[in-house]
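This report concerns a ligand and the residues that surround it. Please examine the sequence and the structure shown here before reading on.

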Amino acid sequence: MRVEIVKDYGKLSRKAARFVAGLVEINPQVAMGLPTGSTPLGLYEELVDIHQEDDLDFSYVKIFDLDEYVGLSRDHSRSYYNYLQENFVKKVNLKSRNTYFLDGKAPDKKEECKKYEEKILKAGGLDLVILGIGRNGHIGFNEPAEELLARTHQVELASQTIEANARFFESEDEVPQEALTMGIGTILNADQVLLIANGNSKAPAIERLFSGKISTKFPASLLHTHPAVTVMIDQEAAERI
Ligand code: F6R
């Protein structure tokens, strides 16, 4: 696991964007798993800038969202579909046929998850997965548990996650209780992983990650088993390591 510590959120977003842009330049058909949330907003902004100013071409890039709330339709303002459309997809030249999203309203969730895994396989697997990290160590929506599921599946959100994500909704009651998420195996099968974190609220999680102990009760720790993980964090998130 390689760690890069930068001064602040602006620098983190730029560095992460340059990392992603470098991969797109080397392999214009790169397939990426993408997160939502607060952390990657700056990264998406920077990628849009690189696209506009330096003509970074996304027309052959494939993207797969990491997770989606169960019960929210795609046009719901808080769906992850909508987040990725508004913050990234519509602002670059991604082709809709190359964008893949979990459907939180799919009538048969098991089938939806199975189909998603098949789409990833058909794309030749993921070249890169970009991750944020929950304060409880979740990646995607793989929440701390005795056992974790390897493949894309439906999951009950941890109360800490519901609490943390209430900021995006009118009230905590509106936060969906369940989600669909890529599994830990889906993530670990990617050729490369880039995890980004900023702010002192993430410092305890980063401290735990760098303790080197591996446990399903801290899902991000499973990344220690992957040979090509880059962790980019700002000084605040790094303050305990
Ligand atoms: C979101 C996701 C989550 C977030 C994590 C951090 O698609 O997969 O694992 O990355 O909850 O969220 P923020 O960035 O809002 O702190």
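In the residue classes used below, Ala, Val, Leu, Ile, Met, Phe, Trp, Tyr, Cys and Pro count as nonpolar, Asp, Glu, Lys and Arg count as charged, and the others, Gly among them, count as polar. The model is predicted.

The largest pocket has a volume of about 560 Å³. It is lined by 29 residues, and those closest to its centre are Ile133, Gly134, Asn165, Arg167 and Lys202. By class, this lining comprises 10 nonpolar, 14 polar and five charged residues. Helix H5 (residues 159-165) supplies the largest share of the lining, with five residues.

**The ligand**

The space taken by the ligand is this largest pocket. There are 15 residues around the ligand, of which Thr39, Asp67, His138, Gly140 and Lys202 come nearest. In this shell, four residues are nonpolar, eight are polar and three are charged.

The table gives distances between oxygen atoms of the ligand and N or O atoms of the protein.

| Residue | Protein atom | Distance to a ligand oxygen atom |
|---|---|---|
| Thr39 | side-chain N or O | 2.4 Å |
| His138 | side-chain N or O | 2.6 Å |
| Gly140 | backbone N or O | 2.8 Å |

Taken alone, the ligand exposes 410 Å², and the protein buries 93% of that area.

Methods:
Residues are numbered from 1 along each chain as its sequence is written. This is a predicted model: local features need pLDDT of at least 70, side-chain atom pairs count only at pLDDT 80 or more; totals for chains, interfaces and linings use all residues. Side-chain values use heavy atoms; hydrogens and water are left out. A residue is near a molecule or strand if one of its heavy atoms lies within 4 Å of it. A polar contact is a pair of N or O atoms within 3.5 Å; within protein, one must be able to donate a hydrogen and the other to accept it, and residues adjacent in sequence count only if both atoms are side-chain atoms. Accessible areas come from the Shrake-Rupley method with a 1.4 Å probe; for residues, only the protein chains shown count as cover. On a 1 Å grid over the protein atoms alone, a cavity is a set of points where a 1.4 Å probe fits but cannot get out, and a pocket is an open set with protein on both sides within 12 Å along at least five of seven lines; lining residues have an atom within 4 Å of a point. A molecule sits in a cavity or pocket if more than half of its atoms lie within 2 Å of its grid points. Grid points are joined across faces, edges and corners, and a volume is the space filled by probe spheres set on the points. Helices (H or I, at least four residues) and strands (E, at least two) are DSSP runs, numbered from the N terminus.
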